[in-house]
Amino acid sequence: MTNVLFDPLFGRHTDSTAPFMFVEGGGTLTYGAFVTLSAQLANVFAGLGLAKGDRVALQVAKSPMALAVYAACVRSGLVLLPLNTAYTTSELSYFLGDAEPRLVICAGKDAAAMTEILNGAALLTLNANGTGSLSDAAAIAAENHDVVACAAGDLAAILYTSGTTGRSKGAMLSHANLLSNATVLADLWQFTDKDVLLHALPIFHTHGLFVAVNVVALTGGAMIFHAAFKPEAVLADLPRATALMGVPTFYTRLLAEPAFTRDAAAHMRLFVSGSAPLLADTHTQFEARTGHRILERYGMTETNMNASNPYTGERRSGTVGFALPGTEIKITDPNTGAELPQGETGMIEVRGPNVFGGYWRMPEKTAEELRENGFFITGDLGQIDPDGYLMIVGRQKDLIISGGYNIYPKEIEVLLDALPGVNESAVFGVPNADFGEETIAVVVPETGITLDPAALLAEITPHLARFKHPRRLEIVRDLPRNTMGKVQKNILRKTYSG
Ligand code: MLC
Ligand code: AMP
């Protein structure tokens with residue numbers, strides 16, 4: 001009986017006394033103890049009647065127990081639905097309605113609000129300090145659990161990514177998607193059981209959950225597990241680490257710390273950046289300060305990682321390197337889909353074992369973005385330089401990336417447009433030194449109406465996670481449009497930058 005993802009990541013470590021997690025603030029969890037915890041959690045899930053293919057929604061603070069829920073789902077053939085802790089009740093209500101989980105796990109403080117939107121699911125709690133009804137149940141559950149057989153195509157997780165129409169889509173990721181990507185990355189980035197990854201990313205996204213955790217577990221290394229990214233805490237633990245994975249904001253914030261010196265980074269083997277563009281300036285400053293060249297790679301929720309700069313060989317700033325082994329990347333005409341000659345700018349399309357199987361219960365959306373021949377249309381615009389390095393030069397999809405979090409303007413525009421007195425609105429990103437981009441909204445009132453920006457923000461923000469809140473909202477007379485009547489966000493971006 002085999003389980004495609006569990007066996008190589010966790011199953012082979014069942015009796016291992018090697019450290020898996022050095023937990024911030026003290027405590028070490030061995031691989032063996034972590035695997036036992038996953039068995040106990042799996043028994044709790046089975047006791048609730050959950051069976052292979054059922055979904056488990058998880059909206060909790062980062063903790064070792066939260067990560068064990070992921071391992072328990074994989075070993076049980078359950079499908080994990082990790083959710084950003086910043087999501088509000090109205091955002092959550094959509095995810096729970098769409099994914100129809102049989103179990104929801106949230107913090108005790110959120111249990112009352114969650115109960116209102118459970119949609120028939122069971123509810124267990126897990127607090128940031130590891131307490132809660134889930135932990136209580138796991139503590140008295142049996143430590144033996146038969147790993148559930150799972151084939152390559154069985155689902156391991158559904159991760160929601162917002163759509164251009166404002167409706168989020170659940171990307172279905174299989175055991176083989178996750179395993180193939182971890183295998184390729186571990187090899188390419190030369191991870192071994194000697195590595196200690198400083199883990200400071202959230203574990204509800206591809207980067208922190210799959211790239212970081214799966215690569216480490218697959219190779220038997222350890223993680224220093226931080227609850228969140230805090231530059232001082234990272235600096236304090238850096239001497240014990242060999243590798244760090246982060247979004248560009250991690251690196252700009254580290255560079256702002258005088259204590260982040262060449263000596264502080266001397267023993268490090270690897271710094272990886274992704275999820276958002278790393279500015280050439282950050283790359284240069286980082287090298288001047290530490291002597292290390294950050295290794296930038298490119299990925300997406302739907303495709304896991306697609307491209308990476310080389311481990312040995314030139315890490316070229318402003319590029320995301322080469323297609324991963326086993327993954328194909330081509331540049332196509334955004335209108336016709338025809339492949340473009342080398343050097344031209346067009347749509348980045350990706351095919352490989354890393355590419356997801358489609359959007360949960362959205363066959364039309366899947367057909368729009370995932371071609372029958374297996375190529376996924378990323379929505380990112382790119383160009384391949386003469387040496388084969390891929391450069392991401394823009395995005396065709398209307399998307400803001402702030403500190404590595406995606407913000408879909410449409411979702412905010414829909415809320416603004418529905419308010420009384422609002423004729424129309426436009427939401428867009430402008431450069432921000434810390435987050436890469438920040439969100440601005442402009443609103444056109446109906447004729448003869450006077451609108452108060454603060455009042456408009458107060459109306460929409462309760463429905464939106466904090467990171468999606470526009471940092472500025474301005475009232476304008478009209479929106480710039482092209483001859484086709486389409487709002488010209490490039491002009492708005494220029495007007496409101498700086
Ligand atoms: C927090 N805030 C943000 C924000 N993060 N606002 C905009 N964008 C963000 N990314 C809010 C906070 O709620 C806070 O609100 C205020 O902004 C300032 O917060 P802060 O204290 O400065 O932020 P902090 O909590 O330190 O978080 C910043 C961060 C975090 C960069 C550490 O955002 C982070 O961990 N980002 C990583 C995201 C990630 O993992 N992305 C991978 C996606 S996978 P207030 O109320 O205090 O003002 C993917 C595929 C791939 O994209 O290729 O990897
Ligand atoms: P997500 O949907 O959260 O997985 O975000 C994926 C998107 O992040 C991609 O489609 C890109 O637009 C962007 N992205 C990821 N890595 C990079 C990178 N290294 N450089 C530029 N953009 C990136």
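Tutor: A polar contact is a pair of N or O atoms within 3.5 Å; within protein, one must be able to donate a hydrogen and the other to accept it, and residues adjacent in sequence count only if both atoms are side-chain atoms. This is a predicted model, where local features need pLDDT of at least 70, side-chain atom pairs count only at pLDDT 80 or more, and totals for chains, interfaces and linings use all residues. Residues are numbered from 1 along each chain as its sequence is written, chains are lettered from A and ligands numbered from 1 in the order in which they are written, and side-chain values use heavy atoms, with hydrogens and water left out.

Student: How much of the accessible area of ligand 1 does the protein cover?

Tutor: Accessible areas come from the Shrake-Rupley method with a 1.4 Å probe; for residues, only the protein chains shown count as cover. On its own, ligand 1 has 1,000 Å² of accessible area. The protein covers 74%.

Student: Which strand gives the largest share of the shell around ligand 2?

Tutor: Helices (H or I, at least four residues) and strands (E, at least two) are DSSP runs, numbered from the N terminus. Strands S13 and S19 (390–395) each supply at least two residues of the shell around ligand 2. The largest share, five residues, comes from S13.

Student: What share of the area of ligand 2 does the protein bury?

Tutor: Oxygen atoms of ligand 2 lie 2.6 Å from a polar backbone atom of Thr-301, 2.7 Å from a side-chain N or O atom of Lys-397 and 2.8 Å from a polar side-chain atom of Asn-406. Taken alone, ligand 2 exposes 500 Å², and the protein buries 93% of that.

Student: Why is helix H2 said to be largely enclosed?

Tutor: Buried means under 20% relative accessible area, exposed over 50%, and partly exposed in between (1.4 Å probe, protein chains only). The buried residues of H2 include Tyr-31, Phe-34, Leu-41 and Phe-45. H2 is largely enclosed by the rest of the structure because, of its 17 residues, the number buried is twelve.

Student: How many disulfides are there?

Tutor: A disulfide is a pair of cysteine sulfur atoms within 2.5 Å. The sulfur of Cys-73 is 11 Å from the closest cysteine sulfur, in Cys-150, so it is too far for a bond. For Cys-106 the closest cysteine sulfur is in Cys-73, at 15 Å, also too far. By this rule the count is zero.
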